[in-house]
Amino acid sequence: MAEGAALRAVRGCLAAFPGEARELGWMESVPYLDRPPSPLEFYREWVSPNKPCIIQNAISHWPALKKWTSAYLREVVGPKVVSVAVTPNGYADAVFQDRFVMPEERQMPFMDFLDIVEKKVTSPNVFYVQKQCSNLTEEFPELVCDVQPDIPWMSEALGKKPDAVNFWLGESAAVTSLHKDHYENLYCVISGEKHFLLHPPSDRPFIPYELYQPAIYHVSEDGSFEIVDEKTADKVPWIPVDPLNPDLERYPEYAQAKSLKCTVKAGEMLYLPSLWFHHVQQSHGCIAVNYWYDMEYDLKYSYYQLLDCLTKAVKVL
């Protein structure tokens with residue numbers, strides 16, 4: 001009896017929490033700033049309340065905006081061998097056939113990758129430079145001088161340098177499945193466009209997670225892909241729902257989630273706060289650089305962990 005009352009109370013809290021969070025700070029669209037903010041302004045107005053924004057004129061001085069043409073990248077990076085994620089369907093690090101499937105990490109000359117992106121060479125597969133272990137500084141150091149090693153006002157606001165600076169370039173078929181990161185993320189588009197679908201952390205009760213066997217795409221001798229389980233690895237918690245075409249019969253609670261959509265164009269910067277869920281698409285050949293700053297594991301993080309634990313507890317009960 002007491003257990004049932006407790007469960008009803010927890011469910012009531014979970015049902016009320018997202019609505020209250022929306023009333024306190026929900027935005028109908030991602031706001032624009034027409035200039036980069038001061039460190040204090042940015043921390044007070046955006047980082048502390050955990051709100052996204054698109055910042056214009058923050059990277060207009062970067063040489064990359066004019067220099068990073070295909071011809072320039074071929075000249076500067078050229079035949080250097082880099083890591084490229086290859087999949088049969090454009091979904092790397094995503095749920096497929098009841099597995100959490102990671103891409104084939106193919107080592108290939110950068111100019112060969114550009115031939116595929118520019119359709120000089122045809123391939124049935126989808127290619128994406130998306131390795132996220134600070135690949136700009138580790139694999140493309142030749143390009144760092146065209147951007148910045150960090151974003152000074154962000155570094156001052158947070159009192160730290162970024163943990164990673166990543167370089168992104170790929171085909172329009174490459175999609176990033178819905179997930180969240182424990183980083184304060186500044187996402188800068190150099191050319192093309194990125195399309196983001198966002199959910200605030202308060203939508204966690206409506207966003208399903210399940211545990212999946214991790215696996216990797218492996219190219220067979222005939223060129224087709226097979227999915228190979230990583231049998232010794234622990235299961236991976238991941239979001240199975242596709243926010244663009246959600247299966248509401250299987251995941252009816254997702255209907256209560258409220259998304260924000262935004263497009264980040266060349267020369268713009270998206271501030272994506274820590275713990276926000278995001279799904280990403282892009283125009284063909286889009287180039288971007290992002291800066292990951294580790295989040296503060298403070299009261300905000302504790303609130304999210306509590307919400308996450310309560311959501312899991314209700315599903316178990």
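In which loop is Asn50 found? Asn50 sits in the loop between helix H2 (39–47) and strand E2 (53–56). Helices (H or I, at least four residues) and strands (E, at least two) are DSSP runs, numbered from the N terminus. The model is predicted, so local features need pLDDT of at least 70 and side-chain atom pairs count only at pLDDT 80 or more, while totals for chains, interfaces and linings use all residues. Residues are numbered from 1 along each chain as its sequence is written, and side-chain values use heavy atoms, with hydrogens and water left out.

Asn50 has 10% relative accessibility and therefore counts as buried. Buried means under 20% relative accessible area, exposed over 50%, and partly exposed in between (1.4 Å probe, protein chains only). Not counting residues up to four places away in sequence, Asn50 touches Pro201, Pro273, Ser274, Trp276 and Lys300; a contact means heavy atoms within 4.5 Å. A polar atom of the Asn50 side chain lies 3.2 Å from the backbone oxygen of Ser274.

The protein as a whole has 8 helices and 19 strands. Its radius of gyration is 21 Å, close to the 20 Å that the globule rule gives for 317 residues, so the protein is as compact as a globular protein of that length. The radius is taken over C-alpha atoms, and the rule is 2.2 Å times the number of residues to the power 0.38. Along the principal axes, the C-alpha trace spans about 70 × 55 × 30 Å. Of the 317 residues, 49% count as buried. Among contacts with a separation of 6 or more, 83% are between residues 24 or more positions apart. The protein exposes about 15,100 Å², of which carbon and sulfur atoms supply 54%; accessible areas come from the Shrake-Rupley method with a 1.4 Å probe, and for residues only the protein chains shown count as cover.

Because 6 of its 8 residues are buried, H5 is largely enclosed by the rest of the structure. The buried residues are Phe110, Phe113, Leu114, Asp115, Ile116 and Val117. After H5 comes Lys119, whose phi is positive, near 65°.

Within H5, Phe113 counts as buried because its relative accessibility is 0%. Not counting residues up to four places away in sequence, Phe113 touches Val84, Met108, Phe127, Tyr128, Val129, Leu169 and Gly170. Phe113 and Val82 are 31 residues apart in sequence, and their C-alpha atoms are 9.1 Å apart in space.

Glu142 is placed between helix H6 (135–139) and helix H7 (152–158), and it is partly exposed, with a relative accessible area of 27%. Its contacts, not counting residues up to four places away in sequence, are Val76 and Lys80. The side chains of Glu142 and Lys80 make a polar contact (2.9 Å). A polar contact is a pair of N or O atoms within 3.5 Å; within protein, one must be able to donate a hydrogen and the other to accept it, and residues adjacent in sequence count only if both atoms are side-chain atoms.
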